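Visitor: I would like to go through the labels used for this structure and the grounds for each. Please set every label against its criterion.

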Amino acid sequence: MLCPICKNKTRLKMGEDTELKNFPLYCPKCKQETLIEITNLQVIVIKEPDA
């Protein structure tokens, strides 16, 4: 799986039937954590409002 910020590989693998909601995806390259949702191999980045 690719990081939505820097487009480098992460350590996450997903299958065709994988579904995730509010998953914190961590990228070891850019050291960012991003909330994502995955359904039907579609990755959606969840934008949180700034506190």
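Visitor: Why is L20 called partly exposed?

Guide: The relative accessibility of L20 is 21%, so L20 counts as partly exposed. Buried means under 20% relative accessible area, exposed over 50%, and partly exposed in between, with a 1.4 Å probe and protein chains only. The model is a predicted one, in which local features need pLDDT of at least 70, side-chain atom pairs count only at pLDDT 80 or more, and totals for chains, interfaces and linings use all residues. Residues are numbered from 1 along each chain as its sequence is written, and side-chain values use heavy atoms, with hydrogens and water left out.

Visitor: Which residues is L20 in contact with, leaving aside its neighbours within four places in sequence?

Guide: Under that exclusion, L20 is in contact (heavy atoms within 4.5 Å) with I36, E37 and I38. L20 and I36 are 16 residues apart in sequence, and their C-alpha atoms are 7.6 Å apart. L20 belongs to strand 1, residues 20–26; strands are DSSP runs of E with at least two residues, helices are runs of H or I with at least four, and both are numbered from the N terminus.

Visitor: What makes strand 1 and strand 2 a pair?

Guide: Two strands pair if DSSP finds at least two bridges between them. Strand 1 and strand 2 are joined by 5 bridges and run antiparallel.

Visitor: How many bridges join strand 2 to strand 3?

Guide: There are 4 bridges between strand 2 (residues 33–39) and strand 3, again antiparallel. I36 stands opposite V45 of strand 3.

Visitor: Why are strand 1 and strand 3 said to stand at the edges?

Guide: The 3 strands form an open, antiparallel sheet in the order 1-2-3. Strand 1 and strand 3 (42–45) each have a single partner strand, so one side of each is left without a neighbour in the sheet.

Visitor: Are C3 and C27 buried or exposed?

Guide: C3 has 2% relative accessibility and so counts as buried. C27, at 1%, also counts as buried.
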